[in-house]
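Good morning, and thank you for the time.

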Amino acid sequence: YAREAISRDPSSARGYTALAHAMNGRHVDPRNNLHNELISIYKDCISKHPDALNAYTWLIAQLIDDGRLTEAHQYCEQLAQYDSGYFTTVHRIKIALAENDVATAKQLWTEMAQLHPDNWSVHHWVGDFQTQLGDYAAAKESYQRAIDLLQNPRYSDPIDSLAKVCEISGDISGALAARQLELDIAEKEWGDVSGESVECIHREI
């Protein structure tokens with residue numbers, strides 16, 4: 001409906017606003033992009049359940065998006081008290097990138113990959129960070145490493161990411177190959193041959 005509104009009236013501010021809301025885009029006015037209410041809910045959850053790891057990860061993501069990096073650091077250190085894996089490192093990397101401290105971010109993700117060489121999710125995260133920096137060639141290698149480490153039945157996350165970075169970088173044949181792999185896995189490993197989970201891949205192709 002928002003797209004139709006814009007096509008009928010390309011000067012419609014309401015149409016553009018509705019489209020941004022519908023597709024999780026950024027509002028033209030910065031104040032409308034803040035996550036104050038959501039942040040308050042996550043903080044309240046953590047105050048009641050200090051060992052709820054997911055609450056920290058979602059809270060820190062909102063704090064970073066709003067530029068509240070001092071608070072993000074504080075909750076990241078609080079998360080470290082309960083996290084026995086690599087999630088704290090992931091969020092330290094996110095904060096470092098938000099602070100434009102690329103050297104620290106790269107050091108952290110290199111160490112993380114060395115500590116968890118056989119964890120596909122770790123290499124997927126590294127690929128995401130490399131994509132964020134525009135290092136698409138390195139990101140493709142990280143996503144491929146993640147794909148190679150997947151166990152049957154395979155998840156599609158790193159395959160979807162590979163397809164997207166290929167498309168962003170203009171490698172359409174690579175994107176198509178990744179989407180075809182998604183279709184093959186959906187059918188052969190998950191038994192999905194119809195429905196939205198398959199149709200969405202066909203639309204991307």
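The model is a predicted one, in which local features need pLDDT of at least 70 and side-chain atom pairs count only at pLDDT 80 or more, while totals for chains, interfaces and linings use all residues. Residues are numbered from 1 along each chain as its sequence is written, and side-chain values use heavy atoms, with hydrogens and water left out.

To begin with the overall dimensions, the C-alpha atoms of the protein chain fill a box of roughly 50 × 45 × 35 Å along the principal axes. Of its 205 residues, 37% count as buried, where buried means under 20% relative accessible area, exposed over 50%, and partly exposed in between, with a 1.4 Å probe and protein chains only. Contact means heavy atoms within 4.5 Å. Among contacts between residues at least 6 apart in sequence, 42% join residues at least 24 apart.

I turn to the nonpolar cores. A nonpolar core is a set of buried Ala, Val, Leu, Ile, Met, Phe, Trp, Tyr and Cys residues joined through side-chain atoms within 4.5 Å. Which members of the largest core touch the most other members? They are Leu59, Ile60 and Tyr75, in a core of 15 residues. Helix H3 (36-48), helix H4 (53-65) and helix H5 (69-80) each supply at least two residues of this core, and H4 gives the most, with 6 residues. Apart from this core lies another, of 12 residues, among them Ile93, Ala96, Ala105 and Phe129.

Tyr75 deserves a separate word. This residue is in helix H5 and counts as buried because its relative accessible area is 16%. Leaving aside neighbours within four places in sequence, Tyr75 is in contact with Lys43, Ile46, Tyr56, Leu59, Ile60 and Leu63.

Is Glu182 buried or exposed? Glu182, in helix H11 (residues 172-190), counts as buried because its relative accessibility is 9%. With neighbours within four places in sequence again set aside, Glu182 is in contact with Ser156, Ile159, Asp160 and Ile201.

Next, helix H8 (residues 120-132). Its 13 residues reach 19 Å from the first C-alpha to the last, close to the 18 Å expected at 1.5 Å a residue; the expected span is 1.5 Å times one less than the number of residues. Among the buried residues of H8 are Val122, Val126 and Phe129, and also His123, His124 and Gln130. The buried residues of H8 pack against helix H6 (87-98), helix H7 (102-115), helix H9 (136-149) and helix H10 (157-168). At the start of H8, a side-chain oxygen of Asn119 reaches to within 2.9 Å of the backbone nitrogen of Ser121. Just after H8, Gly134 takes a positive phi of about 80 degrees.

Finally, which helix supplies the largest share of the lining of the largest pocket? H4 does, with 6 residues, and H4 and H6 each supply at least two. A pocket, on a 1 Å grid over the protein atoms alone, is an open set of points where a 1.4 Å probe fits, with protein on both sides within 12 Å along at least five of seven lines; lining residues have an atom within 4 Å of a point. Among the lining residues are Trp58, Phe87, His91 and Trp125.

Key
Helix = DSSP H or I, 4+ residues; strand = E, 2+ residues; numbered from the N terminus. Polar contact = N/O pair within 3.5 Å; in protein donor to acceptor, adjacent residues only side chain to side chain.
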